[in-house]
Amino acid sequence: MIQNFAWVLPRPNKSRYVGSFPLYFESRLLDLLRVPKSAQILHPFGGKAEFGIRCDINPETQPDVVADAHALPFADDTLDLVILDPPYSDAYAERLYATKGVKFKKYTAEAVRVLKENGWLVMYHYLATPSIRGTVLTKRIFLETRMWHKLRCIHIHRKDTLAWEGVRGQSIMEFG
C-alpha cells in the first residue's frame, strides 16, 4: 500500500534560489524516511541542497560536483538516497537555468543506477510522474507552500530490481 502525506511548509528556504526546496523540506524528508544526515545522499539537480552531495550542471550554484544528471560520475549501487528535483519542463530549464531540457527516462535511469538496492529515490515535481523502472512507489507527499502556487507532488520510490524482473512475491527460499 502506498502511504500518502500532506505537508504545508513555508517558502522560501534560506538560499532563496529559484527552484530550491521549501524551508524544512529536506530535514522532514530525512525524518520520514529514517535516513540519517550522514547517509550517502545525492541531489543530481541540487546546487543549493542542504544535505548530501550537491550536483548541478551550473557551476554558478557552487555545487560539490559539476555534472549532468543524465550522466552521473558515481559508481553503481553506492548511494542511500537520491533526490530528483529537475526543471519541470524544457522551457523552465532554458528560462530559469539556461540549460537544455531534461529527459525523464535518462536521468531516472541514472539515479536508479547509482542507488543501492532498497535505497530511496525521491521525485519532487508539480506533476504526478510515471513509474520509474527498477523501483517501487511506496509513499507520496502532497506539498503546499503558499497561496496561488502549484502544489508539489513528491513520489518516493524504493529501488527494487526484483519487482521489475517479475519475481517479487516469490519467497526467498525459492532463490536458493
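Predicted model: local features only at pLDDT ≥ 70, side-chain atom pairs only at ≥ 80, totals over all residues.
Modeller: Residues are numbered from 1 along each chain as its sequence is written, and side-chain values use heavy atoms, with hydrogens and water left out.

Colleague: What makes up the secondary structure of the protein?

Modeller: The protein has 4 helices and 8 strands. Helices (H or I, at least four residues) and strands (E, at least two) are DSSP runs, numbered from the N terminus. From that terminus on, the order is β-α-β-β-β-β-α-α-β-β-β-α.

Colleague: Why is R54 called buried?

Modeller: Buried means under 20% relative accessible area, exposed over 50%, and partly exposed in between (1.4 Å probe, protein chains only). R54 has a relative accessible area of 18%, so R54 is buried. R54 lies in strand β3, residues 53-56. Buried residues make up 44% of the 176 residues in the protein.

Colleague: How do you know that the side chain of R54 has a polar contact with Q62?

Modeller: A polar contact is a pair of N or O atoms within 3.5 Å; within protein, one must be able to donate a hydrogen and the other to accept it, and residues adjacent in sequence count only if both atoms are side-chain atoms. A polar atom of the R54 side chain lies 3.1 Å from the backbone oxygen of Q62.

Colleague: Why is P73 called exposed, and what does P73 contact?

Modeller: The relative accessibility of P73 is 51%, and P73 therefore counts as exposed. P73 is located in the loop between β4 (65-66) and β5 (79-84). Contact means heavy atoms within 4.5 Å; leaving aside neighbours within four places in sequence, P73 is in contact with V65 and A67.

Colleague: Why are Y24 and N118 called partly exposed?

Modeller: Y24 has 49% relative accessibility and so counts as partly exposed. N118, at 44%, therefore also counts as partly exposed. Y24 is in the loop between β1 (3-8) and α1 (25-33), whereas N118 lies in strand β6, residues 115-125.

Colleague: What makes a set of residues a nonpolar core, and which residues touch the most other members of the largest one?

Modeller: A nonpolar core is a set of buried Ala, Val, Leu, Ile, Met, Phe, Trp, Tyr and Cys residues joined through side-chain atoms within 4.5 Å. In the largest, of 20 residues, F25 and L81 touch the most other members. The elements α1, β5, β6, β7 (135-144) and β8 (152-159) each supply at least two residues of this core, and the largest share, 4 residues, comes from α1. Not counting residues up to four places away in sequence, F25 touches W7, L9, Y124, L143 and I154. A second, separate core of 19 residues includes A67, A69, V112 and I132.
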